[in-house]
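Here is a short briefing to read alongside the model. Take a moment to look over the sequence and the fold, then follow the points below.

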Amino acid sequence: MYDVVIVGGGPAGCAAGLYAARAGLRTLVLTGGEPGGQLGIAETVENYPGTGAIGGAELAADMRRDAEKAGAEFRGERAAEICLRERRVRNGQGVYHGRTLIYAAGAAPRTLGIPGEEALRGRGVSWCAACDGAFFKGKDVAVVGGGSSAAAEALTLSRLCRRVYLVHRRDSLRAEWRLTEELERTENVTFLWNAQAAAILGTAAVTGLAYRELSSGARRELPCAGVFIAAGRAPSTELVQGQLELDAGGYIPADETTRTAIPGVFAAGDVRTKAVRQVVTAVADGAVAALTASNYLEK
């Protein structure tokens with residue numbers, strides 16, 4: 001029995017672990033299969049205050065170290081089943097009970113749902129330039145997406161690949177201004193505007209990307225060795241479906257205190273309904289969730 005069980009080891013989970021342990025609570029953090037969450041696979045983080053440019057894995061390790069120094073217990077285990085009302089988490093190692101529970105499981109990359117995407121996963125289809133970009137050194141690749149994550153992926157790949165094609169279904173990016181400006185200055189990046197990915201080509205490995213020109217409806221094929229998908233994130237809320245009412249996007253409605261509709265259960269980080277999802281907002285959520293959980297236990 002723990003005072004607080006935290007599901008998720010990303011920025012929100014680490015911050016919650018730090019603040020809960022510092023509040024004197026017996027704290028367990030279940031990190032799942034990806035230590036650090038999405039932060040752990042980010043090549044560089046440049047917008048977290050006080051750190052300058054820092055590797056995502058390094059920042060994630062620093063967050064965990066601080067939480068462990070404060071007394072939080074970390075286990076690299078993935079939750080298999082959660083009963084929110086009983087605040088019980090089961091996995092292959094056993095069952096953990098909490099007097100409170102903080103759900104901070106984050107979000108996972110969205111898929112496009114097009115032919116070839118699943119069949120060629122790991123054989124030229126990737127969701128992480130920092131993880132897989134080196135395999136495509138000197139080759140041509142495509143990035144599908146138009147947000148900040150897509151722009152960051154394209155910049156990472158531009159330093160490794162011969163040519164990077166950024167395929168976006170609109171006529172301008174939704175990425176933050178600094179990233180867009182840097183992309184426009186990068187000579188080996190080509191923009192394919194008003195283009196929608198239709199299929200990933202290849203049998204044993206990726207050989208190209210088929211896309212549709214939205215203005216004319218014409219189908220085109222782009223030869224390339226890799227396709228990197230940056231189409232946003234989907235909340236990892238499958239373990240709580242049917243126990244909490246989710247919003248239209250599958251996120252958990254929780255107010256600024258991170259309280260959910262179930263007493264003693266809190267939602268923090270990218271799984272929570274909110275306007276902005278960044279490392280700094282996830283950390284803030286984790287801190288708020290831990291302090292709110294502490295107040296809940298005191299009362």
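P11, C14, G17, L18, A21 and R22 in helix α1 meet M63, R64, D66, A67 and A70 in helix α2, where contact means heavy atoms within 4.5 Å. This is a predicted model, in which local features need pLDDT of at least 70, side-chain atom pairs count only at pLDDT 80 or more, and totals for chains, interfaces and linings use all residues. Residues are numbered from 1 along each chain as its sequence is written, and side-chain values use heavy atoms, with hydrogens and water left out.

**Helices α1 and α2**
- The axes of α1 (residues 11-22) and α2 (residues 56-70) cross at roughly 20° and come within 8 Å; axes are lines fitted to C-alpha atoms, for helices over the stretch in contact, with angles from 0 to 180 degrees between N-to-C directions.
- α1 and α2 are therefore roughly parallel to each other (angles under 35 degrees).
- Helices (H or I, at least four residues) and strands (E, at least two) are DSSP runs, numbered from the N terminus.

- Eight of the eleven residues of α4 (residues 148-158) are buried, so the helix is largely enclosed by the rest of the structure; buried means under 20% relative accessible area, exposed over 50% and partly exposed in between (1.4 Å probe, protein chains only).
- The cover over these buried residues includes α3 (129-132), β9 (140-144), β10 (163-167), α5 (177-185), β11 (189-192) and β15 (226-229).
- With α5, the axis of α4 crosses at roughly 35°, and the two axes come within 10 Å.
- S148, A151, A154 and L155 of α4 make this contact with L179, E182 and L183 of α5.

**Aromatic pairs**
- Four aromatic pairs turn up in a search of the whole structure (rings of Phe, Tyr and Trp, its six-membered ring, with centres within 6.5 Å; planes under 30 degrees apart count as stacked, over 60 as edge-to-face and the rest as tilted).
- Y2 and Y96 pair edge-to-face, at 6.4 Å centre to centre and 65° between the planes.
- Y2 lies in β1 (residues 2-7) and Y96 in β6 (residues 94-103), so this pair ties together parts that are 94 residues apart in sequence.
- Both Y2 and Y96 are buried.
- F191 and W193 form a stacked pair, at 4.9 Å centre to centre and 5° between the planes.
- F191 is partly exposed at 22% relative accessibility, and W193 is partly exposed at 35%.

Definitions and conventions
Parallel < 35°, antiparallel > 145°, perpendicular 65-115°, else oblique.
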